[in-house]
Amino acid sequence: MKIKQFRQNFNRLQKTAVILSILFIFYILFGFFILPPIIKIQMVKNIHKATNRNVTLEKVRFNPLVLSLTLQNFNIEGKGGEAFVGWQEFYINFQLSTIFRFAWTFDEIRLIKPGIFIEKVTADTFNFSDLIPESSTETKENETKENAEEDNKIPPVRINKLIFDGGRFHLRDSSRGGNADFSLDSVSFELDNFKTRLKPDQNNTYDFKAVGPKGGFLHWNGTFRLTPLESKGLIELSGIHLTSFINFFKDELQFTMPRGLLGFSTQYHVFGNPEWGVELSQGDYTFTDLLITEKETEDTLFELPFFDINNVGLSLNDQKITVGDITVKDARLNPSINKSGEMNLLKAFDMSAFKNSPENDVPAESKKTDIEETEKTYPGWYWEVGSFNIDSFGVNFSDNMPQTPFNYSVYPVHLQVKDIVSDGHKPFNLTFSSILNETGSISASGSGTVKPVSLSVDINKKNHVLKDFQPYIDRFAHITILDGTNDGTMHVEVNMDENGEFTKLHAEGDDYINNLNLHDNVTNKDLVKWKKYAAEGIKVDILSNHATINKITLTEPDLNFQINENFTTNIQQLIVSSEKKEHGEAAEPDSEDEASDPETETEPIEETKKTSENPFQVSINEIVIENGTAGFADLSLKPDFITEIGQLNGLITGSSNIPGKTATVDIKGKVDHHAPVFIKGKSNLLAEKQTADITVSFKNIEMSSFTPYSGTYAGYKIDKGQLSVDLQYLLNANELHGNNKIVINKLEFGDKVESEKAINLPLKLAVALLSDANGVIDLGLVVEGDLNDPEFNIGGIIWKVLKNLIVKAVSSPFTLLAGLVDGGEDLNIVTFSPGKDLPEGDEYEKVVQLAGALAERPKLSLNIRGQVAYKSDLHSLKQMYLDNMLTATSEINAAEIGGVLSAARERKWRNTLFDLYKDSFDESWRDVRDRLTEEAGVNGEEIDKELLFNRTVEVVYNALIDKQPITEENLHILADNRSRNIKVELVENHAIDPGRIFILESEISPGTESSAVEMTLDAL
């Protein structure tokens, strides 16, 4: 029984073994030979169906014994047949030990030479855009929620070895008309003994490498864990060519970057427990061999051989950034302005193409919300920089707008700022130095804080050569700077509060201009020069809008002024005309273009308003003139007149533009080395509303030296005489009045001189009449003009006085008469209201003044000629004729009740008007009304009854005016009456001898336009 039972059991085991063997053999056969083609067919079929792309898979191997799958030479083509996604080999080996380890276990996962090609086809589409399924917002939110829940439940996974080797990533942008490519080659990633669940002291290690364009290298290695999420490691980049990235934006950017390398390395630490955080340490960021050029000309804009930021640390949770050193070496910046006034840097770095792109059109509300959220989440970062160093930096500036291009270099620039911290708990220290255009120097040193902002710096400049700026002078003036240097020192302090408002903006120091020599290119002579200009004790406080200068000293100043043969001055000739400025240079900006911009239209107006409300105040305690000289030459005369005021010394104290404050002026000199000159008085010429009370005194100047003037303009030489002049100038705002006293002693004329410019006047008789018993001519002269007028000169004053006294009496007799009675200068014209023959108001006062002047000058006779304004006087006479007719008939005077429209409210006057119109034109006033109604309808105008009635009255009234029988004869009578009434007024009311008054024939013609009488004078 037992044997039989054993046999039965044995047979069952044999059957089971046979069945298992058959199943195993089938499994082996299925795994090795049947499953691979099925996987291949289904994979190709399903991927092709899902992507609508050509899919190839060369070989599939499955090893059922070790549970490994190999996919070789898999590729998905793009729409154009190009490679899209693929790999040479994908190998995965699943371990059965998963059953015992309770974790998904893989012995090895290997991906050899994978590749992906991504192309941006248009601004909004990629070569994979059609593969992304569209889904509703609700679906996306649900998927996001589900994914988040799954992420919180990371399954246990173990991978003994994960290899990603020989990968290639290729990105192309062909949406801009030209292709821009970026690729990563030899991409490798290795992960050993990976586990999703680790003990607290365990970590996964990884290593990632890639080769960028033109040999750039990326290396990223370290450790990480998933629960809780944490990663530490090192990221290194070296030899990264920035050109590859710039090419993606070459259409928007206005500059090119032919070369430039980026390298950096940093330790990092990312963690998610107890909260998300990122920390960077030991960072080193370097730019080398950077070159930026203009897009069109390929001219160099900026060169940066070396830029390094080292020892950089960052803590996101602590909101802290630390930097060891920032170093810039041997950089070059080449700003320039072309002939059109366009600056190359502004053009090259114009980013408007990015701002105007649709993806950047973010609503203002969204931007504000983002900013508010950021401020709420990150209240404030702390940062510190050990030192910021600029070594051998150079700026080469060129301006091609002037006719001679302006070139200026600033090299080398050395700048060092140490201990910069954002919270200002300790001050930074600053040192700066540079050479300006190879000759001048500037240096600065100081300290300050970042928060609150403060800066205290001492600036020292030496030997700045002024003639370096000659191209700008050439644009506006014919002046050459032959010599002159500028030195100075300045201490500047700037403070701001936490709200960004300035609490202090102060500067003080001294400024010097030495050995200035400005040459007049027109006359080829020196124009202005001095040995030294010193402005000492300068203090400027911007916040209080006030500046003071303790003392300005001008040592040996020399100014030359000249009147040329054509009566222009050397100062006038110095100014370059607008036509010459525009020749070969850019025109000024179009005012219409400027006005079209609201910002350029509004901001200057606000600034002007602010300035006018709180003007900047300047005070100069002392201005000292030491041993100055002023030369004067008048070449319009023959022989030339040349003189000099020398030994000029003086003091001006208390100069200021503060209203109400005046400066005291006390300057002395000598004319021709012996005649004293004094300038004294009070002034505030720096104020916006200038005022001055200045006396200029010349004593005992020999008049024989003025023979060039007398011979040229009077026709006689001066044989003898001395001149003393006291000029008292009163300046109020823009008006200059001079009450001047001129005394000429013992003036005698010599021989007659032939001169085309001489005035034909009884000059010797005039001198005899003006001289008193002692041979003194004592004249008072009122002058109006500009104290800085370059034509102001002593000789000109003399002959101006004589000419005014004699010529004015002959050529402007009524002006002289007006001066006698304090009247106006137009006493020769009396105007009348249209149609009137009696003067009224101010015009009657002219007649009264004229009577008084004639009484003062009994040897004068008066000629009166009546005139009419043909059209206006004729119309007025017709209107008066019509008004008299309407008044006589209706017994209503329209003028007394407020005019024509008011009179039309009276039935009797209205009926008289309409009846007269009916009789004159055989047309009813209602016909006029209907015609006006029709015209309003044609013009689309709505008109009420009252307005229609008023228009009808006006049309009827004006038509009747034109109909009245007034002729040219009536105008003659009007003109004659005007002349006679003037004579009657003078004779009967002011006792003027009628024999002195003559009425001339009236002037009447259709072209006359003056309702007046015109008078002339004769001698009896």
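This section describes selected helices, a surface patch, one aspartate and several backbone features of a predicted model.

Local features were taken at pLDDT of at least 70 and side-chain atom pairs only at pLDDT 80 or more, whereas totals for chains, interfaces and linings use all residues. Residues are numbered from 1 along each chain as its sequence is written, and side-chain values use heavy atoms, with hydrogens and water left out. Helices (H or I, at least four residues) and strands (E, at least two) are DSSP runs, numbered from the N terminus.

Helix H18 covers residues 870–890. The expected span of a helix is 1.5 Å times one less than its number of residues. For the 21 residues of H18 this gives 30 Å, and the end C-alpha atoms are 30 Å apart, so the two values agree. Buried denotes under 20% relative accessible area, exposed over 50%, and partly exposed in between (1.4 Å probe, protein chains only). The buried residues of H18 are Tyr870, Asp873, Leu874, Ser876, Leu877, Lys878, Leu882, Leu886 and Ser890. Their cover includes helix H20 (907–921), helix H22 (945–963) and helix H23 (968–990). After H18 comes Glu891, with a positive phi near 60°.

Buried positions in H23 are Leu971, Leu974, Ala975, Arg978, Ser979, Ile982, Glu985 and Leu986. H23 is followed by Ala991. This residue is not a glycine, yet its phi is positive, near 60°. Ala991 sits in the loop between H23 and strand S37 (997–1003). It counts as exposed because its relative accessibility is 68%.

A nonpolar patch lies on the surface. Its members are Ile25, Phe26, Leu29, Phe32, Phe33, Ile34, Ile38, Leu65 and Val66, with about 840 Å² of accessible area together. Patches consist of residues with over 30% relative accessible area and no salt bridge; like charges are joined within 9 Å, nonpolar side chains (Val, Leu, Ile, Met, Phe, Trp, Tyr) within 5 Å. A salt bridge places a side-chain nitrogen of Lys or Arg within 4 Å of a carboxyl oxygen of Asp or Glu. Areas come from the Shrake-Rupley method with a 1.4 Å probe; for residues, only the protein chains shown count as cover. Leu29 belongs to helix H1 (residues 2–51). At 41% relative accessibility, Leu29 is partly exposed.

Asp510 is placed in strand S23 (residues 502–520). Its relative accessible area of 23% makes it partly exposed. Leaving aside residues up to four places away in sequence, Asp510 touches Asp487, Gly488, Thr489, Ala535, Glu536, Gly537 and Ile538. Contact here means heavy atoms within 4.5 Å. The Asp510 side chain reaches the backbone nitrogen of Gly537 at 2.8 Å. Asn550 is 40 residues from Asp510 along the chain, and their C-alpha atoms are separated by 9.7 Å.

Further backbone features were found in strands and loops. Most residues other than glycine have a negative phi, and most peptide bonds are trans. Thr227 and Pro228 are joined by a cis peptide bond, with omega about -15°. Pro228 occupies the loop between strand S9 (217–226) and strand S10 (229–241). The bond from Tyr411 to Pro412 is also cis, with omega near -5°. Pro412 is part of strand S18 (residues 406–421). Asp330, not a glycine, has a positive phi of about 55°. Asp330 lies in the loop between strand S14 (320–329) and strand S15 (332–333). With 39% relative accessibility, Asp330 is partly exposed.

Definitions and conventions
Polar contact = N/O pair within 3.5 Å; in protein donor to acceptor, adjacent residues only side chain to side chain.
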